[in-house]
Amino acid sequence: TAQVQSQRWLRRQGFDLPAVYTTQGSRGPIAAALTLDAHIDDRLEHCVDVISESKALSVLVWREEESFAQISKGAHKLGIAAVRTVAEALRRIEELSRSR
């Protein structure tokens with residue numbers, strides 16, 4: 001399943017006991033209910049959902065080089081950080097958590 005694949009990948013990245021939630025529905029109410037600090041996703045609509053329904057920082061991972069500048073600009077206007085890789089997303093979250 002996507003959940004198990006994500007957990008295994010996160011463990012390989014150094015996260016011992018990753019909590020992974022997969023859903024077909026809206027992510028915003030889930031982020032709010034769990035009082036998440038941060039959310040990483042590769043779908044802009046999921047990021048918009050999270051920032052509109054919760055206080056979580058949302059980071060969009062956008063791998064398409066040709067459209068990254070345009071997507072990044074639009075995401076920034078919505079309050080969403082856009083990065084090219086998951087590693088960048090994790091660094092961004094670490095930086096922001098240190099500045100709080």
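Student: Which residue of β2 does H39 stand opposite?

Tutor: Strands of a sheet pair through backbone hydrogen bonds, either parallel or antiparallel. Here H39 stands opposite S58 in β2, and A38 has L57 of β2 as its bridge partner. Strands are DSSP runs of E of at least two residues, helices are runs of H or I of at least four residues, and both are numbered from the N terminus. Two strands pair if DSSP finds at least two bridges between them; β1 and β2 pair in the parallel sense over 4 bridges.

This is a predicted model, in which local features need pLDDT of at least 70 and side-chain atom pairs count only at pLDDT 80 or more, while totals for chains, interfaces and linings use all residues. Residues are numbered from 1 along each chain as its sequence is written, and side-chain values use heavy atoms, with hydrogens and water left out.

Student: In what order do the strands lie in the sheet?

Tutor: The 3 strands form an open sheet in the order β1-β2-β3, with parallel pairing. The edge strands, β1 and β3 (81–83), each pair on one side only. From one strand to the next, the twist averages 20° (axes are lines fitted to C-alpha atoms, for helices over the stretch in contact, and angles run from 0 to 180 degrees between N-to-C directions).

Student: Which strands does helix α3 touch?

Tutor: Helix α3 (residues 44–53) packs on the sheet and touches β1 and β2, its direction making about 175° with that of β2; contact means heavy atoms within 4.5 Å. Helix α4 lies across β2 and β3 and runs at about 160° to β3.

Student: Are the residues of β2 buried or exposed?

Tutor: Buried means under 20% relative accessible area, exposed over 50%, and partly exposed in between, with a 1.4 Å probe and protein chains only. In β2, 5 of the 5 residues are buried, so the strand is largely enclosed by the rest of the structure. L57, V59 and V61 point one way from β2, whereas S58 and L60 point the other way. By contrast, Q70, in helix α4 (residues 65–77), is exposed, with a relative accessible area of 66%.

Student: How far apart are the C-alpha atoms of Q70 and Q3?

Tutor: The C-alpha atoms of Q70 and Q3 are separated by 30 Å, and the two residues are 67 residues apart along the chain.
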